[in-house]
Structures are given as structure tokens and as C-alpha cells.
Amino acid sequence: MTVEQDLPTVAPAPARKATAAVVRDSLGIGLTVGVSGLAFGVAGSAAHLSVWQTCGLSLLVFTGASQFALVSALAAGAALPAAVLGALFLGARNAFYGLRLGPRLAIPRLLRPFAAHLMIDESAAVALTQPDRRSARLGFAVTGISLFATWNLCTLAGAMGADALGDPAAYGLDAAGPAVFLALLAPRLREGAAELKVAGVGAALALAATVVLPTGVPVLLSIAAVPIVLAAGRPRGGAPGTPDRSDTADRSDTPGAAGTETVA
């Protein structure tokens with residue numbers, strides 16, 4: 001037996017450093033974002049949910065924006081079906097993350113239900129930025145698990161703390177849900193002009209409908225802002241990218257233009 005055969009197999013130093021970097025970054029995101037579960041615990045109490053109802057939402061739903069949307073609507077007096085429907089619309093984006101990441105992660109069939117529960121903005125973003133499948137799987141798992149654990153522990157702490165204080169409205173804590181939801185929305189508004197237009201039209205629709213529709217329904221109506229903005233931004237005369245026929249005809253009559261026809 002040679003000396004080389006007696007030595008244990010050790011991963012190359014660059015590979016170990018890369019793995020450590022993925023774990024470090026994933027833990028940083030998971031622990032930092034998970035602390036916002038404190039705000040959700042307070043928001044759940046402000047919506048008159050019990051501690052266990054609030055914690056149950058974090059355990060079973062586990063998608064921050066949808067949870068805040070649900071409790072904010074309930075706190076505003078919305079009917080339960082309208083509040084749930086709005087939360088479902090927001091949570092639907094996670095299904096599209098799954099379609100995008102499924103081939104990349106190639107998770108075994110038995111683990112897919114657990115992976116689906118961890119498919120949120122942060123875990124998807126970390127997985128998409130990794131250079132290979134191994135790093136993507138590691139980043140997805142570490143981010144999702146650390147965030148899930150931190151989020152649920154902080155939800156419990158926030159709900160118990162708010163419950164011990166009594167009426168959250170007496171301390172102004174009833175505004176925690178809408179405030180955090182706006183904080184989640186604000187970065188999206190800096191992504192481009194289309195996002196600003198959708199936000200503006202959606203807000204206008206919701207405000208206009210508030211005086212005639214029950215609480216919670218105007219928020220659902222604001223979803224119509226998306227097709228309205230898309231239709232308004234579509235070039236006239238056909239589908240996007242289709243050249244105008246009159247413009248094409250003008251160019252064909254120009255001497256020397258490309259595609260001029262020869263006289264028969």
C-alpha cells in the first residue's frame with residue numbers, strides 16, 4: 001500500500017472556502033430576515049389572533065409577505081375570505097420559483113414537499129446566485145432552514161410579548177403590520193418605471209373602490225393594475241415588437257432602402 005493510499009481524502013482548499021462562504025452568507029440572510037418574525041408576532045396580536053393562531057400561520061404558511069397581508073387585512077376589518085384570497089395571490093409567486101429552480105436543484109422526490117415549504121424569496125435568491133448545483137442546494141437548504149427556525153421563534157416571542165402587554169392599539173403596535181408590509185414593498189418600487197406605474201394605478205384603484213366596496217375587496221381589485229399597465233404600455237398597431245405597416249411602406253419607397261424591388 002502506497003503512502004498516497006493511506007492518506008485520507010481531503011477536499012481542496014478552494015472548494016472548502018467556497019462551501020464555507022455559501023454557509024456563511026446563507027446563515028447571515030436566514031438569521032437577519034428571520035428576526036422580522038418579531039414584527040409578525042406583534043401584528044398577529046394586533047389582528048386579535050391568539051398566540052397559537054399567529055404561530056400556526058408562521059409554521060404552516062411561512063411566507064412573510066402573505067402573512068403580513070393576511071393579518072393586516074384582518075386588522076382592518078376585512079372578511080376572512082377576502083383576506084385569505086389576497087394572501088394567496090401574493091404567495092403564488094413561490095410556485096414560479098419552484099418551476100425555475102426545480103431543474104437546477106433536482107431535489108429527490110421524497111424531499112420535495114419539505115423543499116416546497118422552504119421555497120421563499122430569500123432561499124430562491126441564494127440558490128439562483130450559486131455557480132453549480134451543489135452550492136445551490138447548500139445555499140437553498142441553509143437559508144431556508146435557518147430562516148424557518150428564526151422566523152418561528154421570533155414569531156412566538158413577538159406574539160407572547162404583545163399578548164403580555166395587552167391591547168396593542170394602546171401602544172401603537174396595531175400599525176406594525178402595515179408598516180412592515182410597506183417596508184417589504186418599498187425596494188420593489190426602485191426596480192423600474194413599470195413597478196412604479198403598477199403601484200400608482202393599484203393604489204388609485206384601491207382608494208377609489210374603498211367608498212363603495214367592503215373592506216378587503218379594494219385590495220384585491222388593485223391587482224387589475226397589472227393588466228392595465230401592460231395594456232397601456234403595448235405599442236399601437238399590434239403585439240409588442242411588431243413593426244408599424246405604414247412605417248414599413250415608407251421605408252420601402254425610399255431610394256436605396258434595403259429590400260427595394262426591381263422593376264419587372
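Analyst: Helix H8 (112–117) and helix H10 (133–165) each give at least two residues to the lining of the second largest pocket. Helices here are DSSP runs (H or I, at least four residues), numbered from the N terminus. H10 gives the largest share of that lining, four residues. This is a predicted model: local features need pLDDT of at least 70, side-chain atom pairs count only at pLDDT 80 or more, and totals for chains, interfaces and linings use all residues. Residues are numbered from 1 along each chain as its sequence is written, and side-chain values use heavy atoms, with hydrogens and water left out.

The pocket is an open set of points on a 1 Å grid over the protein atoms alone, where a 1.4 Å probe fits, with protein on both sides within 12 Å along at least five of seven lines. Lining residues have an atom within 4 Å of a point. The volume of the second largest pocket is about 230 Å³, taken as the space filled by probe spheres set on the points.

Which residues line the second largest pocket? They are Leu105, Ile107, Pro108, Leu111, Phe114, Ala115, Leu118, Arg137, Phe140, Ala141 and Ile145. By class, this lining has 10 nonpolar residues, no polar ones and one charged. Ala, Val, Leu, Ile, Met, Phe, Trp, Tyr, Cys and Pro count as nonpolar; Asp, Glu, Lys and Arg as charged; the others, Gly among them, as polar.

Leu105 also belongs to a helix contact, on the H7 side. Helix H7 (residues 93–105) and helix H9 (residues 121–128) cross at roughly 30°, and their axes come within 11 Å. Axes are lines fitted to C-alpha atoms, for helices over the stretch in contact, and angles run from 0 to 180 degrees between N-to-C directions. H7 is therefore roughly parallel to H9 (angles under 35 degrees count as roughly parallel, over 145 as roughly antiparallel, 65 to 115 as roughly perpendicular, and the rest as oblique). H7 passes H9 in a left-handed crossing: the near helix is turned anticlockwise from the far one by less than a right angle, while clockwise would be right-handed.

On H7, the contact uses Arg93, Asn94, Tyr97, Arg100, Leu101, Arg104 and Leu105. H9 brings Asp121, Ala124, Ala127 and Leu128. Contact means heavy atoms within 4.5 Å. The contact of H7 with H9 has six nonpolar residues, one polar and four charged.

Now another pair. Helix H3 (residues 37–46) packs with helix H5 (residues 64–75) at an angle of about 25°, with axes 8 Å apart. So H3 is roughly parallel to H5. This crossing of H3 past H5 is left-handed. H3 makes the contact with Ala39, Phe40, Ala43, Gly44 and Ala46, and H5 with Gln67, Phe68, Val71 and Ala75. Seven of these residues in the contact of H3 with H5 are nonpolar, two are polar and none is charged.
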